[in-house]
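Biologist: I am new to this structure. Could you take me through it by question and answer?

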Amino acid sequence: MLAVVFMSCEDVIDVDVPTGQTRLVIEASLDWEKGTSGSNQQVKLSTSTPYFETEAIPVVVGASVKVVNTNTNEEFVFVDQNDGTYLTTTFVPVIGNTYQLEVIYNDETYTATQTMTSVSDINNITQSIEGGFDDELLELNIYFDDPEDEANYYLVRYYEDGDLFPYFEDISDEFLNGNEIHDFFEKDDDEDSGQAPFQPGDTVEINLYGISESYYNYIRLLIEQYYSGGDPFSSTSAEIRGNCINETNDDNYAYGYFRATEVVKTSYTFQ
Amino acid sequence: MKHLFVGFCLLFSAVVLAQEKYSIRGTIKDITNGETLLGASVFLKGTSNGAITNEYGFFSLTAPKGTYTLIISYMGYETLTKDINLDADQTLNFELKEFATSLNEVIIVAEESEQVNLKKPQMSVSKLNASTIKQMPAVLGEIDVVKSIQMLPGVTNNGEGSAGFNVRGGAVDQNLVLLDEAIIYNTSHFFGFFSVFNADAIKDIKLYKGDIPAKFGGRVSSVLDVRQKDGNSKNFNLTGGIGLISSRLAAEGPLFKEKGSFLIAGRTSYAHLFMKGIEDLKDDKISFYDLNLKTNYDINKNNRVYLSGYFGRDVFNLSKIIENTYGNATANLRWNHIFNDKLFSNLSLIYSKYDYQIVLDFIELDWIADIKNYNLKYDLKYYLSDKVKLEFGASGISYKLNPGEVRPTSETSPVNYLKLDQKRAFEGGLYVSAEHQITDKLTAQYGLRYSAFSRLGGQSMTNYINNQPVVYNDQLGIYERGEVASETYFGKSERIKNYDNFEPRLGLSYQLNDVSSIKASYTKSSQYIHLLSNTSSVTPLDVWTPSGQYIKPQRSTQYAFGYYKNFNDNAYSLEVETYYKTVDNRIDYIDGSDLIGNNTIETEILNGEARAYGLEVLLRKNKGDFTGWLAYTLSKSEQRTYGGQAGGPGINGGHWYNTPYDRTHDISLTGIYKLNDKWSFSSNFVFQTGRPVTYPNGQYNYEGLSVATFSNRNEDRLPAYHRIDISATYTPNRKPDNRWKGEWVFGIYNLYNRKNAASITFNQNNQTGLNEASRISIFGLIPSVTYNFKF
């Protein structure tokens, strides 16, 4: 922000960065969409690469993946699709039940546990110009009720059709407990990054996830570092450790996370 | 306490008055404006007996009965001599005349270059006066005290646009910054681009990088002692300047028939006026202002009172989205009382406050926080004999901290009202210190400070299971918040935690010959309040927190050794110092710590230690048309943070790692050349090793994003920082009877337009999807022009 006033400049430069160890990446997101059976679930396995590597991320095939509901001992085996994804069609989601993930890869066993977390419905979606960061640009607003008697954490995923990536927000009810929570999504008018503000006709997918406190701690940091890593006014960047433990060799831990959430999915088209 | 009294008795009884001695006391002032001169020397010719004026221009010296020639000198002033017959105690006041009365007079006060100061055991001190600072090139011509001290060895900061300064590898909060004795909690305007000190209101600044005198306490790295001008007691005059960023105006003059004087100085920026004209920025406002006030009154020859104050404010308003204001306010009422020829005293009642407010309109939230303190302080100086001078005193500081209060700004705001626990604390200090000339060549300064700190009740404290506010999660390899066991409420009359420390200070100087000396010092000091900041640059929103159950006082020990030499008839001076410093109980933050609105900071920190060592070389040319200095520092600053009670390996596996203010090499060159009466030129060159940062060491795909993984904390470095600045000062001719004196200062900052990285951020390009590194550089080549005047 100060940049505007102080003639500062930003340019892309070449930087030599160190290369860390290659690790397994587990993206195991058991997301139960409200109003569906939630029986189709997917786990993605890949590996990390050097930071400036431009080749496609290497996918992991040949691993064995299963999830156990520790409350019911039901077991769900995920089938290797040979493209880095592992699928099941028989998953049974239960709010408040605890699930355990087990991945066996290269003779090492990774495990993680999560309790499935519920989410409130979205009360209302609106569009406005006056709100947001810029009172001349369109933004969309979502409203949902935060339950008062517990600590709640949310992840919101916005994705505009045609974009390369989604945009994420993490929300804790620490200062908002028991209130109707308002979140907004506005796009800058930034030619350098090719970002254009919303126009009537643009469609945005909205996913609101109810997440656990531990996943909130993970994703909050991931989001902060993704959007402002290296910025002098953000906290010092650090390795983000997920919840997947290598039971065989704990130094060879995996990146990524095993989450179990309830999600509200909807979309909005600007008028 | 008992130790102190014993110490006192020993010191007093050690001195036996063997022969008839008399004292001379008095005040040394500037002849033109009546400003008292601090650090001026009074010397008995042909002896090693002399005295230096204190902060109030007062001196006292004692010598055996006889006739003497007094030499009164001060750098940049004509030396005065006076023959006296010392057969009774006497009061002699002197007024010295500046060499030239030109506005752009260059004076580098090289305290050590004067004869008496080779002997003075005080080391690791740097002094700059306002006129030198005004000569140095500055960004946008904005004269900056904090930036100019960074041209001295051992002083750096975190780059352009970062607040505060780092001394000998210490953190920003480890500097005690005093403006007329009042604590300044944030030294910056515009988030660190400029400093809060208005050069027109300042007499001089002194930075103690080590060997901190016993009268100062409360911080472990340094003391920056900034003194405001008293105000001209002879004539009314105005000084001021018009620059690109701000304008300054100071008025000063005599009061009560020259028995008093006043100074009132203001400075305000006006960038926001230009911004109004720019369509995109018309709703933004960035501005700051300062107000300095000082007045004093001579009640009689033994009593003088001073009142000084400062008020400064920053306003930062971005399109009504974020509104941020912050600033310091201080006041100090002082009473100088001279008991007799040998005993000088000063009593001060001081108030300081720093507060900030941030309004985030888009989430309808208003956040305020502040820290304030009252400080009562009594300092005495006893000129015991020609060989021994004693300083002793006591102080008490009462702190009240409001770490944060959140208010919803409307009825529909989703935010709940929240007030973090108010914190109260008391810090007391007692000290005694002696400057003792042991032999003609050996002088010692030894002292002891006793500090005591109480965290006072009036709040609840959280207790954790196994007394672990932070717990290492062995399986996940991360530090997590501990589980709350219970809460204990402490009443206002209760004390939550007490600490106390003895802080010995010792300095020795040994004069090798007429032009060179060696000095050594040992300093222990303690710090009871800490600035919480988990970012690489401190921000105005960082919160101070007192020590308590979970945060222990920082304690430092510093050893320093130095060699000093004047040569070519004192035209040049060389100072070489090396130091080794350790700090116990230096906290660091766990990965992913969240300090904002946090009532239980203890769940985010681990206790560790820090160490720093280095070599500093300062070569100065003090006389002639060309003056200036070369400063070089070779240093290392590291910290180590174990898991301790929380378990686990700690940060970076419990190994030593660089602090964010580690700079291997730091070179500063300042040159000032006076061509003739009209033109003078100055230039700076700065080179610094890049700031330690943490770079990504890999990436992985998660939720469709390329997420960076990181190496160990502060394991990498930004590219080296360097730049050259130049400035030229033009003083037009004027008629001798014209009181108006003006000068133009033209400057170019960053002459070769080096894009110094303030930071490097790592992002995924949202058009290509590829990772890239972006360098943010703040000041490119910046020309400036400033007009200064005096009337």
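Biologist: How far apart are the end C-alpha atoms of helix α2 (residues 213-228) of chain A?

Modeller: Helices (H or I, at least four residues) and strands (E, at least two) are DSSP runs, numbered from the N terminus. The expected span of a helix is 1.5 Å times one less than its number of residues, so the 16 residues of α2(A) should span 22 Å. The end C-alpha atoms agree with this, being apart by 22 Å.

Biologist: What should I know about the source and the numbering?

Modeller: This is a predicted model, in which local features need pLDDT of at least 70 and side-chain atom pairs count only at pLDDT 80 or more, while totals for chains, interfaces and linings use all residues. Residues are numbered from 1 along each chain as its sequence is written, chains are lettered from A and ligands numbered from 1 in the order in which they are written, and side-chain values use heavy atoms, with hydrogens and water left out.

Biologist: Which element gives the most to the side of chain A that touches chain B?

Modeller: Contact means heavy atoms within 4.5 Å, and it takes 76 residues from chain A and 78 residues from chain B. Between the two chains, 20 residue pairs are in polar contact (both at pLDDT 80 or more); such a contact is a pair of N or O atoms within 3.5 Å, where within protein one must be able to donate a hydrogen and the other to accept it, and residues adjacent in sequence count only if both atoms are side-chain atoms. The elements that give two or more residues to this side of chain A include β2 (24-33), α2 and β16 (255-269). With 9 residues, the most comes from α2(A).

Biologist: How many salt bridges does the rule find across the interface of chain A and chain B?

Modeller: A salt bridge is a side-chain nitrogen of Lys or Arg within 4 Å of a carboxyl oxygen of Asp or Glu. B:Glu703 and A:Arg259 form one, with the closest N and O atoms 2.7 Å apart. Across the interface the count is 4.

Biologist: Is A:Asn106 buried or exposed?

Modeller: A:Asn106 is found in the loop between β7 (98-105) and β8 (108-115) of chain A, and its phi is positive, near 50 degrees, in a residue other than glycine. Buried means under 20% relative accessible area, exposed over 50%, partly exposed in between (1.4 Å probe, protein chains only). At a relative accessible area of 57%, A:Asn106 is exposed.

Biologist: Is B:Asp211 buried or exposed?

Modeller: B:Asp211 also has a positive phi, about 50 degrees, although it is not a glycine. B:Asp211 is in the loop between β16 (202-208) and β17 (222-228) of chain B. With 1% relative accessibility, B:Asp211 counts as buried.

Biologist: How many residues apart in sequence are the parts that B:Arg227 and B:Glu55 tie together?

Modeller: B:Arg227 forms a salt bridge with B:Glu55, the closest N and O atoms being 3.9 Å apart. B:Arg227 lies in strand β17 and B:Glu55 in the loop between β3 (50-52) and β4 (58-64) of chain B, so the parts tied together are apart in sequence by 172 residues.

Biologist: Which residue forms a salt bridge with B:Lys234?

Modeller: B:Lys234 is partly exposed, with a relative accessible area of 25%. The closest N and O atoms of the pair are 2.7 Å apart. The partner is B:Glu95.
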